[in-house]
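Work through the exercises below with the sequence and the model side by side. Try each task before you read its solution.

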Amino acid sequence: MASLANIIRQIAEPDAEAARAAAERLDSLVKPLGSLGRLEQLAVQLASIRGKAPLKFPSKEILVMAADHGVWHEGVTPSPQVVTAIQAVNIVQGKAGVSVLARNAGAQVTLVDCGILGPDIPGTLNHKVAQGTGNIATGPAMTREQAESLLIWSAERVIAKAESGLSLLAVGELGMANTTPAAAMVAVLTGAASAQTVGLGANLPPERLAHKISVVEKAIAVNQPDAADALDVMAKVGGFELVGMAGAMIGAAAAGIPVVLDGFLSYASALAACQMAPALKPYLIPSHLSAEQGATIALEALGLQPYFDLSLRLGEGSGAALALPLIDAACAVHNEMATLAECQIAL
């Protein structure tokens, strides 16, 4: 197993020359200058990541990290804890929202069991760290060693997939009560108050919001995570799936492939991953603006602007799946549109 530092050192700067060439080609196409707006910016970013390789992504995967949380016992969600395992089965059987949307976008879905309560689930990639995390309201979610090991495993798994042909990674998550640790991570890593980062999650009754905020405040007070040490933050107030997503992002950047973010949970993981590996940021593609409280704070801290806002809050990687056709469209515009010169138009 490689060290985390060695993996991070593999992250290369995007190809500035490829970005310039893509921008010049887009400016030469048969359209008013810049008229495809952020679609053109997306094509340039993708070209900078692909470098000399053709601008296309034939092999896409949505990696869904799943785990349960001890903080569920604090009453921070109305969802029964067993729903994590039930929905994991639905995902691997192709019945869940992300499964349908990924199929529509031509992407594979892989569900990683990082710590779902109960027996192993057929069809998942089993890397169960433990039977759920610790209750962050009373102690740490996991040990630092567990967090670092999971980060490295996730990164190495993506690097190996890229070596076998994977060209684009999207991330998603599954875990009842996981907006609570995500809100705690965002609060610590951005310096925002918990009241600004805690939202209703999966249909928490509004009258219970104050309780959820108090649980996050208690988790931060009890664990005293070091805001300057993202690994410490994830170990103390995070979750296995949040750590897994952060590791996958770092691995994708180390392998030179883009990472499509999903919603609020992925923002929390990206904040941690970017603190550990600042060179990762140019590889991130924000899909949608999560409807969860705290989304804007996290995105501003990351310096990212999502491509669409559909008031999504399903998670699972569903928003990331919806962004995949947009990525294909950006590539198609760059690759297939005629130029002004080819159309004998002089401006």
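## Exercise 1: The sheet

Strand β1 (residues 60-67) and β4 pair in the parallel sense over 7 bridges. This is a predicted model, in which local features need pLDDT of at least 70, side-chain atom pairs count only at pLDDT 80 or more, and totals for chains, interfaces and linings use all residues. Residues are numbered from 1 along each chain as its sequence is written, and side-chain values use heavy atoms, with hydrogens and water left out.

**Task.** In what order do the 6 strands of the open sheet stand?

**Solution.** 
- Step 1. Strands (E, at least two residues) and helices (H or I, at least four) are DSSP runs, numbered from the N terminus. Two strands pair if DSSP finds at least two bridges between them.
- Step 2. K60 has L168 of β4 as its bridge partner.
- Step 3. Go on from β4. Strand β5 (residues 259-261) runs parallel to β4, joined by 2 bridges. Here A170 stands opposite V260.
- Step 4. Look at β2 (residues 108-115). This strand and β3 are parallel and share 2 bridges. D113 stands opposite N126 of β3.
- Step 5. Write the order: β3-β2-β1-β4-β5-β6, with parallel pairing. β3 (125-126) and β6 (284-286) each have a single partner strand, so one side of each lacks a neighbour in the sheet.

## Exercise 2: Strand β4

**Task.** How many residues of strand β4 (residues 168-174) are buried?

**Solution.** 
- Step 1. Set the cut-offs. Buried means under 20% relative accessible area, exposed over 50%, partly exposed in between (1.4 Å probe, protein chains only).
- Step 2. Recall the general rule. In a regular strand the side chains alternate between the two faces of the sheet.
- Step 3. Check each face. L168, A170, G172 and L174 lie on one side, L169, V171 and E173 on the other, and all are buried.
- Step 4. Give the count: 7 of 7 residues in β4 are buried.

## Exercise 3: The core

**Task.** Which residues touch the most other members of the largest nonpolar core?

**Solution.** 
- Step 1. Define the core. It is a set of buried Ala, Val, Leu, Ile, Met, Phe, Trp, Tyr and Cys residues joined through side-chain atoms within 4.5 Å.
- Step 2. Name the residues. M249 and L280 touch the most other members in this core of 80 residues.
- Step 3. Find the main contributor. Helix α11 (residues 240-255) gives the largest share, 11 residues.
- Step 4. List the neighbours of M249, leaving out residues up to four places away in sequence. Contact means heavy atoms within 4.5 Å. Among those M249 touches are V171, V259, L261, L280 and L284.
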